Amino acid sequence: MKVSGARAIVQCLLEQGVDTVFGYPGGTILPLYDALYEAPLRHVLTVHEQGAAHAADGYARASGRVGVCIATSGPGATNLVTGLAAAYMDSSPVVAITGQVPTGLIGRDAFQEVDITGITLPVTKHNFLVKDPQSLPDILRKAFHIARSGRPGPVLVDVPRDIQTMEIDFSPAAAAPQRKAETFPSPRLDQAASAIQNAQRPVILVGGGAVSGEAASEIMTLAESCEIPVASTLMGLGAFPGSHPLFLGLTGMHGQKIANHAIRCSDVLIAVGSRFSDRVTGNRSCYAADKVVIHIDIDPAEIDKNVAAHIGLAGNMKELLNQLLSRLQPRQTPAWREEIASKQEPRPDDGQDRLTAAAIMRQINEQTNGKPFVFATDVGQHQMWAAQELVIDTPRSWVTSGGLGAMGFGLPAAIGAQFAVPNKRVVHFAGDGGFKMTGAELYTAAVNDLPIITVIINNNCLGMIRQLQHAYFDQRYMSCYLPPVDFVPFARAFGVQAVSVDTEAEFARAFAEAAATRAPRVIIANVATQDMVTPMLAAGAALDEYIDI
Ligand SMILES: Cc1ncc(C[n+]2csc(CCOP(=O)(O)OP(=O)(O)O)c2C)c(N)n1
Ligand SMILES: [Mg+2]
């Protein structure tokens, strides 16, 4: 059948099962927008292209499906870059479609021409500039395949305007071949199984790859049948239930002391889908000392990249873990668990008479317990408090920018997540700084009736910057204090109800009320400017070198 390039794009999106796309129009992408006019697809107009990219990413993280964003050439395309980089760093499957100036104008500094494939080369898994109109359907199919297969990631397809209007021959995609189960080297699996079977002090470390590899049930079986405590990276939260007695909590720079202690003292560390980022390992030269590291990852390039693995297993995580499980006998580790439990310390800032982040998270844990919620965050202290204190029990219910740490991610990502999983309720945590970066996306939440509950942890400062200036710059607080903003009328301007609270009781009431309403709500939770995220490991230090802050 003959269709325009633009219609071919829409057909390909439908073939891929896409139901929602996030975007912003402009001259060079208008033929595609025209084809979207009658397409059975939901197009969500965001306030800013950065919002569209983060929303596509949030959609992908919350659902496991590929998120799609669309932008015009030039400034539209460059506005996607931070969102693509965030998706790239956290291995999130996104397809971005950008308009480009007509083929005859490429390279002539045409109006709104920018070399977006050049610009995004380092922050995409792959990208394409479509030159031959006939190749368009195949390129789009490849883009989706690349985004979702192996280690997921973002792919950009740049489509010149004339290619969108040309007629091409379009035939529906052939059925994809079934993926065959992989075979793995038996000796290495045997070696890994015997190390786990004989370990005195085993620990499992779950990372983001455990979530995207859909390996939660295998990890649970491994942990329970061999009684292995589990620590999580920031990206791994939800891969193992936060309420499980074997869960130690977050590890790394702002990790729980028992989680860091257990990893430091472990004799066998089983890392599942973690890239051993600097925030997780601190000093890499001593991180793996006195232990056997078993590294399981979909991406062979991760094995030995940051931490040398004694046993590296690269491939499909579910299949690898199942093969490992078939070689293991149930066992127990009572002495090790007792030793870890003896290191448990009470959390420090309970019992204060003013509102603290810990109290906010405690209230949310109580009120959301057992219910289908997704927690999305922005970047800063509030992100770390949420990671430390929230009980996250299921995969894909924690959406945060771990690798890039992009302020402004939270609200648009929450919007994408709420579209992806309408039966869950999304709670979005922001700082007063980051909320100002993309807070105008409240408009998108409001016009689409998304029942997102935004909690602004308002400390009237760039809290994480203040914390770093406190720790490393002699308390010389430069450009970290933020003159107060009244977020209540800001939210109201978009038709969103907001309330400002100063005590735990007020917060509890506001959250219960928001949860009982199917509309977007904003709660401004006023906390003290001087509150710090503790514990805090010195950057690049060992897992027991805490800063006294
Ligand atoms: C786009 C971007 N710019 C700058 C930073 C550096 N940064 C990290 S945390 C932070 C402060 C965040 O302040 P706020 O949003 O109020 O959150 P808080 O730390 O106070 O909870 C800054 C500036 C960043 N991560 N992202
Ligand atoms: Mg702040």
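Which helix gives the largest share of the lining of the largest pocket? It is H7, with five residues. Helices are DSSP runs of H or I with at least four residues, strands are E runs of at least two, and both are numbered from the N terminus.

Some ground rules. This is a predicted model: local features need pLDDT of at least 70, side-chain atom pairs count only at pLDDT 80 or more, and totals for chains, interfaces and linings use all residues. Residues are numbered from 1 along each chain as written, chains are lettered from A and ligands numbered from 1 in written order, and side-chain values use heavy atoms, without hydrogens and water.

Now the pocket. A pocket is an open set of points on a 1 Å grid over the protein atoms alone, where a 1.4 Å probe fits, with protein on both sides within 12 Å along at least five of seven lines; lining residues have an atom within 4 Å of a point. The lining of the largest one includes His 145 and Arg 148, among the closest to its centre. By class, this lining has 15 nonpolar, 14 polar and 10 charged residues. Asp, Glu, Lys and Arg count as charged; Ala, Val, Leu, Ile, Met, Phe, Trp, Tyr, Cys and Pro as nonpolar; the others, Gly among them, as polar.

Next, ligand 1. Its shell divides into six nonpolar, nine polar and one charged residue. Look at the polar contacts (N or O pairs within 3.5 Å). A backbone N or O atom of Gln 381 sits 2.8 Å from a ligand 1 oxygen. For Asp 432, a polar side-chain atom is 3.0 Å from an oxygen of ligand 1. Met 464 places a polar backbone atom 2.9 Å from a ligand 1 oxygen.

Note on methods
A polar contact is a pair of N or O atoms within 3.5 Å; within protein, one must be able to donate a hydrogen and the other to accept it, and residues adjacent in sequence count only if both atoms are side-chain atoms.
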